[in-house]
Amino acid sequence: MATPPSSAGETQRRAGPGLTPQQARAVHTRATSVVLSSGAGCGKTHVLTERYLSHLREDGVEVGSIVAITFTERAARQMRGRIRQALLRHLRSAPTEEDAARWERHLRSLETAPIATIHAFCGTLLRQQAIEAGLDPHFEVLEEVLSINLETEALSSCLQKLLTAQSPAGEDLRQLVLLHGWRAVNEAIPELLAGWDARRWRDWLERSEAEIAASWQEVAENQLRRAYLHYVLLARPRLARLLPLLQRHPPQPGPLSANCALLLEELPLLPEASDLPAAVERLHEAAKVGRQGSKAWPEPAVYEQIKKAFEDFRSDLRALKLERFSVDPTTLPEAIATGKRFLRVAREAVESYATLKRLHGVLDFQDLLIQARDLLRDHDAVRTRLQERYRYLLIDELQDTDPVQMELIQHLAGGGLTAGRLFAVGDKSQSIYRFRGADVHLFQGLRRDMPHEGRQELTVNFRSQ
């Protein structure tokens, strides 16, 4: 059963447009953009609505200058309805005719204001800029089930033709089938289609083997290995429990004090180490009790616990096998050749699917995102015009954003991404759409990029204690 707010004062603050101190800070911060971490039941919809209204009240902008992106159409309707009620309250209580005229103007413009899902917003954007986007402004949007069927039809037809085609892509497909089997190839190509980016694919196919090898090494060492270390330091009990144990039972002053200080200081920073093998070796050597252990922890039970924890820690540290994040140069030529074969075949499938969509005059949901991203990325005049039109961006459920959506946000915000144009809400614990390409690390990364005052939280839960 939900627990009510803990006091009458809290109840009063939640009534109407009232805000808690955390909520008020989020609504009124202007010196920087804000990425707000908010758990379920903490009033994020209330805050988003009040932030929207505060731009009208305090910043003097029109509703057409604020983009509000919600995750569902229902959430968009709910937010628009809340804003409408607030505008009506302001209109009724306006102290002057000038104020009343301003709120009435906002109210009239609200129905066409950009308060929508990301796909609906992109669809409107593409229709408004259809010439620059190279589209028929009367295009229709395929329902998801129909787009899957059409893509499957295009993919099947394309691969069947390529199997017997006397072309480079046909030879690529035959070689892939020999290496991996028909089923594996047939499953891999649709996954590649979801990440279609004409310019980046073309650039990658034109890159030299040495350039690709260097980029893979960089990703392996600076992204995959780092993410892996962050994970294992929290997830492996024999690694994760050492520091809390040392904090509870610090050693007596002596030779082991420096070792424990090193562990406490350097272990959390291990994923960022510039010389990882040396850092691992230092930690391994520091986690030894030696002959001084019984003096550093004179209580026998504590000493035995520390000794066992050190042994377990060293064993798991060695077992990490971090060398697997180094790219084996002997396997690179074959891997790069295979990667290029997959991309060339996938490119043929993309073209086949695109041809079918052009014949039917339709776009799918992913097209809306990709073509809107390409429009903003590749047309400077359009990007500048839209950045001038949209002064503020409000984004809900940022934890379920995918890379294309994040690029869209970055292009719309431009230089104001961290400087006051963006207000985004998310919760890494509620990221549930990774199977659709959502990447919670994008939310976390953008939050880290914000100035300190822009990394805010809502922690008071109004549904339960």
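View 1. Helices (DSSP H or I, at least four residues) and strands (E, at least two) are numbered from the N terminus. K321 isn't a glycine, yet its phi is positive, at about 50°. Most residues other than glycine have a negative phi. E397 also has a positive phi, about 55°, without being a glycine. E397 is found in the loop between β6 (392-395) and α22. With a relative accessibility of 19%, E397 counts as buried (buried is under 20% relative accessible area, exposed over 50%, partly exposed in between, with a 1.4 Å probe and protein chains only). Residue numbers start from 1 along each chain as its sequence is written, and side-chain values use heavy atoms, leaving out hydrogens and water. Because the model is predicted, local features need pLDDT of at least 70 and side-chain atom pairs count only at pLDDT 80 or more, while totals for chains, interfaces and linings use all residues.

View 2. Of its 465 residues, 43% count as buried. Take the contacts (heavy atoms within 4.5 Å) between residues at least 6 apart in sequence: 77% of them join residues at least 24 apart. Average pLDDT, the predictor's per-residue confidence from 0 to 100, is 88 for the protein, and 94% of the residues score at least 70. Residues 1-16 are another story, with pLDDT below 50; this stretch has 19 contacts in the model beyond near neighbours in sequence. Where pLDDT is low, the predicted coordinates should not be read in detail.

**View 3. Helix α12 crossing helix α19.** The axes of α12 and α19 (residues 332-360) come within 10 Å and cross at roughly 100°. That makes α12 roughly perpendicular to α19 (65 to 115 degrees; under 35 is roughly parallel, over 145 roughly antiparallel, the rest oblique). Axes here are lines fitted to C-alpha atoms, for helices over the stretch in contact, with angles from 0 to 180 degrees between N-to-C directions. On the α12 side you'll find E209, I212, A213 and W216, and they meet L332, P333, A335, I336 and K340 of α19. By class, this α12 and α19 contact has seven nonpolar, no polar and two charged residues (nonpolar: Ala, Val, Leu, Ile, Met, Phe, Trp, Tyr, Cys and Pro; charged: Asp, Glu, Lys and Arg; polar: the others, Gly among them).

**View 4. Q223 of α12 and F325.** Q223 is located in helix α12. Its relative accessible area of 46% makes Q223 partly exposed. In sequence, Q223 and F325 are 102 residues apart, but C-alpha to C-alpha they are 9.8 Å apart in space.

**View 5. Helix α21 against helix α22.** Here the axes of α21 (residues 380-389) and α22 (residues 403-413) come within 8 Å, crossing at roughly 75°. So α21 is roughly perpendicular to α22. R383, L386 and Q387 of α21 meet H411, L412 and A413 of α22. The residues in this contact of α21 with α22 divide into three nonpolar, two polar and one charged.

**View 6. The buried side of α16.** In helix α16 (residues 276-286), the buried residues are L276, A279, V280, L283, H284 and A286. They cover an arc of only 165° around the axis, which puts them on the same side of α16 (the arc is that of the directions from the helix axis to the C-beta atoms). These buried residues of α16 pack against α12 (209-235), α15 (255-266) and α18 (300-318).

**View 7. I306 in α18.** I306 lies in helix α18, and I306 is buried, with a relative accessible area of 0%. Leaving aside residues up to four places away in sequence, I306 touches L245, L246, H249, V289 and W297.

**View 8. D172 in α9.** D172 belongs to helix α9 (residues 168-180). At 4% relative accessibility, D172 counts as buried. Its contacts, not counting residues up to four places away in sequence, are R341, R344 and V345.
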